[in-house]
Amino acid sequence: MSTPIQIRTRDDEKNYDFSPYPSSWIQIGWSHEVGRGEVRPRRALGRELVIFRGQDGQVRVLDAYCPHLGAHLGVGGAVIGDELRCPFHGWQFDGSGACTKIPYASKIPGRARVGAWTVREVNGQILVWHDADGRPPWFEIPEVPEFGSSEWTRPRIYETTIRTRWRELVENGVDRGHFFALHGFPEPPELEFRTDGHRFSMTSRVRWRRFGVERTVTLDIDGYGACFAVTRGHGEAPFMVLGCPMPIDANTIIHRQAVIVSRRLPPLVRSAVARFVGWTAMREFRRDVPIWQNKVVIPRPVLCDGDGPIVRFRTWARQFEPGAGPASAAAE
Ligand code: FES
Ligand SMILES: [Fe+2]
């Protein structure tokens with residue numbers, strides 16, 4: 001059996017015309033990964049971070065390298081109350097990044113602090129605010145009530161590491177033509193795409209033939225910023241997917257997905273549907289991955305009338321670039 005060869009375009013040839021690190025909320029992990037009193041290292045946004053949960057239950061995120069002699073606070077660091085103690089010499093930092101204690105010194109140097117991140121914890125996700133121009137958050141991620149509701153299953157979680165940048169994944173949803181050719185849909189979906197400041201919403205109707213039965217699946221996708229989208233699948237088996245790309249570095253992302261299914265379905269059907277939706281979503285997703293890893297970006301693409309609102313999507317996405325922001329969205 002031969003192994004398929006995977007060609008990979010050199011990262012510096014990919015011709016990206018957008019930043020790897022958009023101004024947005026970025027999911028850096030799941031709530032269940034960081035219990036009370038626990039510490040996790042995380043590489044994200046081109047740097048090393050440390051996530052920890054204080055005894056008060058609150059998650060805090062700091063830059064990982066200790067300003068004293070450079071130890072990684074996420075490797076051997078310990079939670080003391082609601083603060084984090086460095087493993088090397090025991091300096092202690094609070095959630096604002098300030099050093100609060102040095103066990104063997106009488107005076108804390110003024111420069112003894114690490115960078116601290118603005119954190120939100122919603123929908124079982126841990127998110128940090130990244131702004132290319134250093135501004136505080138200019139929008140929020142909504143709580144999606146279905147996640148955590150007893151009327152929906154517990155999430156099935158998937159994580160995929162991909163050599164690409166965030167915009168390629170999000171653009172995929174408005175790229176009508178590829179559903180037909182790459183995903184084997186009988187015809188391209190009908191698409192409505194709307195934008196409203198930092199948000200987009202999209203309705204996608206797909207006619208689908210399975211086991212000799214034709215049905216129409218309607219998907220509603222709501223995006224909040226560059227790296228958070230929630231998909232609602234309607235029909236006899238309602239399902240939802242959260243999708244959040246996290247830039248690791250300039251050329252790599254981790255895409256996190258969580259799939260839930262309505263508990264209105266009978267238990268046996270429900271678990272079969274949950275498996276099927278997760279499996280189908282991942283199978284289709286994996287068809288996109290080699291395209292993303294090997295493609296280049298065409299800043300001024302040659303488009304045809306059936307292609308979908310790719311240019312409108314890119315115009316919307318520009319507000320998350322360094323030097324842009326909410327004002328450029330209003331000017332759209
Ligand atoms: S390196 Fe962190 S306390 Fe010394
Ligand atoms: Fe796709």
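**Close-up views of the predicted model**

**View 1. Asn123, a residue between two strands.** Asn123 sits in the loop that joins strand E10 (119-122) to strand E11 (125-130); helices (H or I, at least four residues) and strands (E, at least two) are DSSP runs numbered from the N terminus. This is a predicted model, in which local features need pLDDT of at least 70 and side-chain atom pairs count only at pLDDT 80 or more, while totals for chains, interfaces and linings use all residues. Residues are numbered from 1 along each chain as its sequence is written, chains are lettered from A and ligands numbered from 1 in the order in which they are written, and side-chain values use heavy atoms, leaving out hydrogens and water. Asn123 is not a glycine, yet its phi is positive, near 55°. Its relative accessibility is 13%, so Asn123 counts as buried (buried means under 20% relative accessible area, exposed over 50%, partly exposed in between; 1.4 Å probe, protein chains only).

**View 2. Asn15, ahead of strand E1.** Asn15 is another residue other than glycine with a positive phi, here about 70°. The segment that holds Asn15 precedes strand E1 (24-30). With 43% relative accessibility, Asn15 is classed as partly exposed.

**View 3. Asp307, a buried acidic residue without a salt bridge.** Asp307 belongs to the loop between helix H3 (267-294) and helix H4 (310-317). Asp307 is buried but has no salt bridge, and Arg176, the nearest side chain of opposite charge, is 7.4 Å away (Lys and Arg count as positive, Asp and Glu as negative; His and the chain ends are not counted). A polar atom of the Asp307 side chain lies 2.9 Å from the backbone nitrogen of Cys304. Leaving aside residues up to four places away in sequence, Asp307 touches Val174, Asp175, Arg176, Gly177 and Val302 (contact means heavy atoms within 4.5 Å).

**View 4. Asn294 in helix H3.** Asn294 is part of helix H3, and a relative accessible area of 22% makes it partly exposed. A polar atom of its side chain is 2.7 Å from the backbone oxygen of Pro290. Arg8 is 286 residues from Asn294 along the chain, but the C-alpha atoms of the two are separated by 5.0 Å.

**View 5. Selected salt bridges.** The model has 25 salt bridges, each a side-chain nitrogen of Lys or Arg within 4 Å of a carboxyl oxygen of Asp or Glu. Arg60 pairs with Asp56, their closest N and O atoms being 2.7 Å apart; Arg60 is buried, at 11%, whereas Asp56 is partly exposed, at 38%. Arg135 and Asp133 also form a salt bridge, 3.6 Å from N to O. Arg135 is partly exposed, with a relative accessible area of 26%, and Asp133 is partly exposed at 41%.

View 6. Arg205 and Glu190 are joined through their side chains in a salt bridge of 3.7 Å, N to O. Arg205 is in strand E14 (residues 199-210) and Glu190 in strand E13 (residues 190-196), so this pair ties together parts that are 15 residues apart in sequence. Arg205 is partly exposed at 30% relative accessibility, and Glu190 is partly exposed at 42%. Elsewhere, a network of salt bridges links Asp17, Arg167, Glu171 and Arg314.

**View 7. Cysteines.** The count of disulfides is zero, a disulfide being a pair of cysteine sulfur atoms within 2.5 Å. Cys99 is in no disulfide, and its nearest cysteine sulfur, that of Cys66, is 7.6 Å away. Cys99 is buried, with a relative accessible area of 10%. Cys86 is likewise buried, at 2% relative accessibility.

Technical notes. Polar contact = N/O pair within 3.5 Å; in protein donor to acceptor, adjacent residues only side chain to side chain.
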